[in-house]
Amino acid sequence: MPVPLFDTKTPLAPLREQILARMEEVVDDGRYILGPNVGAFEQEFAAYVGAEHAIGVANGTDALTLALRAMGVGPGDEVVVPSFTFYASAEAIPPTGATPVFCDVDPDTFCVTPETVKAALTPRTKAVVVVHLFGNVAPVREIEALGVPVLEDAAQAAGSVSEDGRPGALGTAATFSFFPSKNLGCFGDGGAVTTRDRELADRVRMLRFHGSWDKVTYEHVGCNSRLDELQAAILRVQLPHLDGWADGRRAAGRHYAQAGLGELVELPVPVRGCDPAWHLYVIRHAQADAIAAALAEAGHGQKAYYRTPIHRQPAMAQWGAGAELPATDEIARTHLAIPVSPVLSAEQAADVTATIAAAVAAAVA
Ligand SMILES: Cc1ncc(COP(=O)(O)O)c(C=O)c1O
């Protein structure tokens, strides 16, 4: 049976009636912008991640730009960011007036390390965007020890845990995306900033609302970037299930290991002290494209997400041109996401693994 790259429908099916009822409540209530569900979700999500404050915004990209601005990042500053991540992690930096400076990652964990960040620091570095890629949790405490503020890009890591706590409560601030396919996804776009710092939270709240508290006085050039009331209501139904879904994602990783996938390809390695809720399950192999073709032929989902890393993207040429990032270039060539979801079964993992085994055997023959 074909196995999809991800399965968002099956986990949500038991919640359908509850979600529809909450949506109906919002429709009847009539408060569609920054109403009671946004306020309640902000409190519930902050409590979940272990931060004091959460601010709902329109998407994970805005969350990054607003958080950086609230951290004081502006023209003339540099922000260190990995090149092996979704484009938005870096795209969010130039709108602040600052310059992205690309750093390398650990090829086993796909995350930045204190060493890769340190190599990119200069006297102009104002912050580091630490991406918890694919659900892994980058070593925030060790990176902060370099003396630079950390903004966690936790878009892919809701539900993961590390020995220092949950993503979202590890750095100066953190950002989330609630894009539908994320570990916690709504039915459209949505995002959040979390932080323990009250003043930083207040600045994000202002910036998301045209730089104003009261629609009378405008203290900053902000923007209009709010989490919709309907999306917040949907997220509130889902949040209590996030940990269960995260366990299912971890189990999917174990199913692949038990099926012997680790003998065929490089499996993703959790950062020390971290228990990832795999958002994407990303393997590495020199013949990744041949494996992808075999999976596609069998009807299984697969995707090479970041074949061209960000520092080689045309829009980033002015900042990425001189960057030497050997691990990034290597994993950009060799990575491949294979199916993962909270409900991926041992049988599905065995089917996918069998297809990969045949592809690897054919590639070396
Ligand atoms: C690592 C990472 N950062 C940022 C984003 C941007 O989030 P959004 O699509 O909600 O703007 C995403 C989402 O795709 C992501 O995966």
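Modeller: A residue is near a molecule if one of its heavy atoms lies within 4 Å of it. Here 13 residues surround the ligand, and the closest are Gly 60, Thr 61, Asp 153, Ser 177 and Lys 182. The model is predicted: local features need pLDDT of at least 70, side-chain atom pairs count only at pLDDT 80 or more, and totals for chains, interfaces and linings use all residues. Residues are numbered from 1 along each chain as its sequence is written, and side-chain values use heavy atoms, without hydrogens and water.

Biologist: Which atom of the ligand is 2.8 Å from a polar backbone atom of Gly 60?

Modeller: A polar contact here is a pair of N or O atoms within 3.5 Å. An oxygen atom of the ligand has that distance to Gly 60. An oxygen atom of the ligand is also 2.8 Å from a side-chain N or O atom of Lys 182, while a nitrogen atom of the ligand lies 2.7 Å from a polar side-chain atom of Asp 153.

Biologist: How many aromatic pairs are there?

Modeller: Rings of Phe, Tyr and Trp (its six-membered ring) pair if their centres lie within 6.5 Å; planes under 30 degrees apart count as stacked, over 60 as edge-to-face and the rest as tilted. The count by this rule is 13. Among them, Phe 110 and Phe 134 are edge-to-face, with 5.0 Å between centres and 80° between planes.

Definitions and conventions
Polar contact = N/O pair within 3.5 Å; in protein donor to acceptor, adjacent residues only side chain to side chain.
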